[in-house]
Amino acid sequence: MSEIRFDDRVVVVTGAGGGLGRAYALAFAARGAKVIVNDLGGDIRGEGENVSAADRVVGQIRDLGGEAVSNHDSVENGERIIDAALTNFGRVDIVVNNAGILRDASFRKMTVEDWERVYRVHLFGAFKVTHAAWPHMLDQRFGRIVNTASAAGAYGNFGQANYSAMKLGLVGFTKTLAVEGAGKNVTANVIAPVAASRLLETILTPERMAILKPEYVTPLVLRLCAEHNEESGSLFEVAAGWMAKVRWERAEGISLPTNPVFTVEDVDAGWEKICDFSVSDHPASIRDRSAAVTAKLVEAGLLP
Ligand code: NAI
């Protein structure tokens, strides 16, 4: 097995002052990358700023003989973070969109501000950082992007309507980046991690926290950013040494006649079959999806 290295690659990790981002920044630097350690140093809810979080990580990287520069901009100003990479290191090769906050509240109690703050950091922030890096990646024919979703986005979670919406939004964002980066050696993937960080310390027991080290998530992230990585547009769940790809599954469904036109009662009568996964497929691209829909329309006699 040859060692996976990032020598001469420039990596931007957002929200790298603590938790998962810090673990990624240290791991990339240990394998030769030049790292922009971005973090504005706010609290879990996105309040306040503290430059020392990112600076401390840069200090640790330098103490270990690595190269890193801190940046304290909010991801909402993603172009400044990418500018820091270009100014300090002359290029940008890898972006890990990791910064995150929580504004949990049951949907009844969720405020517009709760929704907007979570949108601004997770979805808009990832857009801003990636949008600034994207043309450089296309032009240099190399780019690796890892976005951060969550099980809350894939499955839903009480009190996280805002967070889950943004996290699943990042899955769609990633899949389209993968389509547009295909053929240009620009890959984009998304992870739904579980790791002991301040985001989980009020939810998990100390025993659970001890086995969910952020460092266990980093090898997957680094693998998705490796020179030889061809994986793109994929979602992975990862926790404590377990990692697995997640995909869509679609039931075979039913095709109802349109002449005479089908009714709500026909849909009701077919409900079990609409939701039956005993025959199913796994569309991996919009082309797969369209081909299957066209085949169904042909089968139903609606298309020649
Ligand atoms: P964390 O709170 O330790 O790290 C997040 C970092 O992002 C913080 O250092 C914070 O200062 C920074 N940040 C927040 N807003 C920012 C902004 N506007 N600009 C720049 N930096 C900003 O949390 P953790 O757990 O390391 O989370 C990392 C990512 O993983 C987040 O996107 C989170 O939603 C996601 N995630 C984490 C899970 C876990 O089990 N820890 C579960 C699912 C998703």
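Student: Where is S197 placed?
Tutor: S197 sits in the loop between β6 (186–194) and α7 (206–211); helices (H or I, at least four residues) and strands (E, at least two) are DSSP runs, numbered from the N terminus. This is a predicted model, in which local features need pLDDT of at least 70, side-chain atom pairs count only at pLDDT 80 or more, and totals for chains, interfaces and linings use all residues. Residues are numbered from 1 along each chain as its sequence is written, and side-chain values use heavy atoms, with hydrogens and water left out.

Student: Is S197 buried or exposed?
Tutor: S197 counts as buried, at 16% relative accessibility. Buried means under 20% relative accessible area, exposed over 50%, and partly exposed in between (1.4 Å probe, protein chains only).

Student: What is S197 in contact with, leaving aside its neighbours within four places in sequence?
Tutor: S197 is in contact (heavy atoms within 4.5 Å) with G19 and M209.

Student: A new topic: how many aromatic pairs are there?
Tutor: The count is 3. Rings of Phe, Tyr and Trp (its six-membered ring) pair if their centres lie within 6.5 Å; planes under 30 degrees apart count as stacked, over 60 as edge-to-face and the rest as tilted. The ring centres of F6 and F28 are 5.0 Å apart with planes at 75°, so this pair is edge-to-face.

Student: Which parts does that pair tie together?
Tutor: F6 belongs to the segment before β1 (10–13) and F28 to helix α1 (residues 19–30), so the pair links parts 22 residues apart in sequence. Both F6 and F28 are buried.
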